[in-house]
Amino acid sequence: MIEGKVWGETVEIFRTENVSVHALTIRAGGYSSRHSHRSKSNYFYVIDGAVTVRTWRGEHAALVDEITLRAGQSTMVRPGLLHQFDALEASRMIEIYFVGLEGPDIDRIDVGGLRCEAEMRAKRKTSD
């Protein structure tokens with residue numbers, strides 16, 4: 001389904017429980033609201049055109065960082081970071097939302113190691 005926006009349109013092309021991929025068509029001069037996501041990261045990849053991505057950080061979001069992306073370039077915005085995109089010309093972009101895993105994500109039962117050559121020979125003989 002195509003979702004109309006003031007700045008253009010977006011189409012969700014893929015979704016799972018932790019990833020969502022959207023194709024965006026942005027009019028020249030179109031820009032998103034300044035917003036943040038509590039748990040999702042944003043990954044922006046420009047197919048064609050030119051898009052500036054701004055992020056605000058620091059106390060009271062007083063510091064502004066910006067990067068201008070052109071075809072084939074990308075950037076990522078972490079959860080909780082106030083951000084906005086702004087098209088310098090008519091542009092198409094892929095936007096990927098994803099939820100990162102909280103690490104560590106492993107419960108070890110024992111510790112790995114390295115077998116000595118004699119032990120490896122013995123294992124090979126028993127498997128023949």
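Me: Which residue of strand 6 stands opposite Val53?

Reply: The residue opposite Val53 is Ile67 in strand 6. The model is a predicted one. The pairing to which these residues belong joins strand 5, residues 50-57, to strand 6 in the antiparallel sense, over 8 bridges.

Me: What is the strand order of the open sheet with 3 strands?

Reply: The order is 6-5-8, and the pairing in this open sheet is antiparallel. Strand 6 (63-70) and strand 8 (82-87) are the edge strands, each pairing on one side only. On average, and with direction ignored, neighbouring strands of this sheet are turned by 20° against each other.

Me: Are Arg54 and Asp86 buried or exposed?

Reply: A residue counts as buried when its relative accessible area is under 20%. Arg54, at 18% relative accessibility, is therefore buried. Asp86 is buried as well, because its relative accessibility is 16%.

Me: Where does the salt bridge of Lys5 lead, and how accessible is Lys5?

Reply: The side chain of Lys5 meets that of Glu3 in a salt bridge, at 3.2 Å from N to O. Lys5 is partly exposed, with a relative accessible area of 32%. Glu3 also counts as partly exposed, at 38% relative accessibility.

Me: How many aromatic pairs are there, and how is such a pair described?

Reply: A pair of aromatic rings is described by the distance of the centres and the angle of the planes. The count in this model comes to 2 aromatic pairs. Trp7 and Phe85 form an edge-to-face pair, with 5.1 Å centre to centre and 85° between the planes. This pair links distant parts of the chain, 78 residues apart: Trp7 is in the loop between strand 1 (2-5) and strand 2, and Phe85 is in strand 8.

Me: Why is the pair of Phe44 and Phe85 edge-to-face?

Reply: Planes over 60 degrees apart count as edge-to-face. The planes of Phe44 and Phe85 stand at 65°, with the ring centres 6.1 Å apart, so the pair is edge-to-face. Distant parts of the chain are linked here too, 41 residues apart, with Phe44 in strand 4 (residues 40-48) and Phe85 in strand 8. Trp7, Phe44 and Phe85 form one aromatic cluster. As for accessibility, Trp7 is buried, Phe44 counts as buried at 1%, and Phe85 counts as buried at 4%.

Me: How are strand 2 and strand 3 joined?

Reply: Strand 2 (residues 8-15) and strand 3 (residues 19-26) run antiparallel and are joined by 7 bridges. A hairpin of 3 residues connects strand 2 to strand 3. Within this pairing, Val11 stands opposite Ala23 in strand 3. Strand 3 also runs antiparallel to strand 9, to which 8 bridges join it. There the bridge partner of Leu24 is Met93 in strand 9.

Me: What does the side chain of Ser91 in strand 9 reach?

Reply: Ser91 belongs to strand 9, residues 91-99, and is buried, with a relative accessible area of 2%. The side chain of Ser91 reaches the backbone nitrogen of Ala50 at 3.0 Å. Leaving aside neighbours within four places in sequence, the residues in contact with Ser91 include Leu24, Ile26, Asp48 and Val51.

How values were computed. Residues are numbered from 1 along each chain as its sequence is written. This is a predicted model: local features need pLDDT of at least 70, side-chain atom pairs count only at pLDDT 80 or more; totals for chains, interfaces and linings use all residues. Side-chain values use heavy atoms; hydrogens and water are left out. Two strands pair if DSSP finds at least two bridges between them. Helices (H or I, at least four residues) and strands (E, at least two) are DSSP runs, numbered from the N terminus. Axes are lines fitted to C-alpha atoms, for helices over the stretch in contact, and angles run from 0 to 180 degrees between N-to-C directions. A salt bridge is a side-chain nitrogen of Lys or Arg within 4 Å of a carboxyl oxygen of Asp or Glu. Buried means under 20% relative accessible area, exposed over 50%, partly exposed in between (1.4 Å probe, protein chains only). A polar contact is a pair of N or O atoms within 3.5 Å; within protein, one must be able to donate a hydrogen and the other to accept it, and residues adjacent in sequence count only if both atoms are side-chain atoms. Contact means heavy atoms within 4.5 Å. Rings of Phe, Tyr and Trp (its six-membered ring) pair if their centres lie within 6.5 Å; planes under 30 degrees apart count as stacked, over 60 as edge-to-face and the rest as tilted.
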